[in-house]
Amino acid sequence: MFLTRVFGRALFGAAAKSEATVSAAAAYSTGARNPLEEFFEVDRKPDDEKPVVYGRSWKASELRLKSWDDLNKLWYVLLKEKNMLMTQRQMLNAQNLNFPSPERISKVRKSMCRIKHVLTERAIEEADPRRSAEMKRMINAL
């Protein structure tokens with residue numbers, strides 16, 4: 001009985017691993033990207049000579065024109081960008097290389113702070129105190 005448990009697990013484990021490998025290979029061959037690649041900038045290499053100009057941070061006046069859902073989506077896009085930049089900075093620091101255009105991180109942070117500010121303004125202007133409290137809880141969770 002002990003041997004069937006051990007060999008059974010080994011056989012079932014090997015079958016499960018091979019199925020996972022086949023499905024991963026199929027996903028890769030169809031053009032699916034590795035999710036970890038989103039933490040790195042694939043278009044730019046650190047040894048590129050030409051300077052790349054990046055955009056500016058969002059203004060509060062622009063953010064006031066957007067809906068709650070749009071601001072929420074923008075928040076997570078900026079969070080993803082911030083994580084990518086921080087990962088890239090850490091990787092380059094570990095290799096004793098300079099991080100290109102470090103001002104991008106501050107632009108992302110400013111935009112995120114401005115989103116929180118605009119959402120807080122909306123929560124304060126809300127007439128219903130329960131809804132206002134719920135909005136503030138959601139904002140603080142960001």
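Helices are DSSP runs of H or I with at least four residues, numbered from the N terminus. In these terms, Lys107 belongs to helix H4. The model described here is predicted.

The secondary structure of the protein chain consists of five helices and zero strands. Read from the N terminus, the order of elements is α-α-α-α-α. The protein chain has 142 residues, of which 20% are buried. Among contacts between residues at least 6 apart in sequence, 63% join residues that are at least 24 apart.

Helix H3 covers residues 68–94. The 27 residues of H3 should span 39 Å at 1.5 Å a residue, and this agrees with the end C-alpha atoms, which are 39 Å apart. Buried residues of H3 are Leu71, Leu74, Trp75, Leu78, Met84, Leu85, Gln88 and Leu92. The cover over these buried residues includes H2 and H4. Met84, a residue of H3, has a relative accessibility of 7% and therefore counts as buried, the limit being under 20%. From Met84 to Ile105 the separation is 21 residues in sequence and 9.8 Å in space, C-alpha to C-alpha.

Helix H4 covers residues 103–125. H4 contains 23 residues, and the distance from its first C-alpha to its last is 33 Å, close to the 33 Å expected at 1.5 Å a residue. Within H4, the residues Arg104, Ile105, Val108, Ser111, Met112, Ile115, Val118, Leu119 and Ala123 are buried. These buried residues pack against three helices: H2 (60–63), H3 and H5 (129–141).

Two packed helices are described by the angle between their axes and the distance between the axes. For H3 and H4, the packing angle is about 155° and the axes are 9 Å apart. Angles over 145 degrees count as roughly antiparallel, so H3 and H4 are assigned to that class. Their crossing is left-handed. On the H3 side, the contact is made by Trp68, Leu71, Leu74, Trp75, Leu78, Leu79, Glu81, Lys82, Met84, Leu85, Met86 and Arg89. On the H4 side, the residues are Arg104, Ile105, Val108, Arg109, Ser111, Met112, Ile115, Lys116, Val118, Leu119 and Arg122. Sorted by class, the contact of H3 with H4 holds 15 nonpolar residues, one polar residue and seven charged residues. Met84 and Ile105 are both in this contact, and each is also listed as buried, Met84 in H3 and Ile105 in H4.

H4 also packs with H5, at an angle of about 165° and with the axes 8 Å apart. This angle is likewise over 145 degrees, and H4 and H5 are therefore roughly antiparallel to each other. The crossing of H4 and H5 is left-handed. In this contact, Lys116, Leu119, Thr120, Arg122, Ala123 and Ile124 of H4 meet Ser132, Met135, Lys136 and Ile139 of H5. The contact of H4 with H5 divides into five nonpolar, two polar and three charged residues. Lys116, Leu119 and Arg122 of H4 take part in the contact with H5 and also in the contact with H3.

Lys107 of H4 has a relative accessible area of 25%, a value between 20% and 50%, and is therefore partly exposed. Neighbours within four places in sequence aside, Lys107 is in contact with Tyr54, Gly55, Arg56 and Ser57. Of these, Arg56 is 51 residues from Lys107 in sequence but 6.5 Å away in space, C-alpha to C-alpha.

The loop between H3 and H4 contains Asn96 and Ser101. Most residues other than glycine have a negative phi. Asn96, which follows H3, has a positive phi near 60°. Ser101 is also a residue other than glycine with a positive phi, near 50°. Asn96 has a relative accessible area of 73% and is exposed, because this value is over 50%. Ser101, in contrast, has a relative accessible area of 17% and is buried, because this value is under 20%.

Methods
Residues numbered from 1 in each chain as written. Predicted model: local features only at pLDDT ≥ 70, side-chain atom pairs only at ≥ 80, totals over all residues. Heavy atoms only, no water. Helix = DSSP H or I, 4+ residues; strand = E, 2+ residues; numbered from the N terminus. Buried < 20%, exposed > 50% of the residue type's maximum accessible area, 1.4 Å probe, protein only. Axes fitted to C-alpha atoms, helices over the stretch in contact; angles between N-to-C directions. Parallel < 35°, antiparallel > 145°, perpendicular 65-115°, else oblique. Left-handed = near helix turned anticlockwise from the far one by under 90°. Contact = heavy atoms within 4.5 Å. Nonpolar A, V, L, I, M, F, W, Y, C, P; charged D, E, K, R; others polar. Expected span 1.5 Å × (residues − 1).
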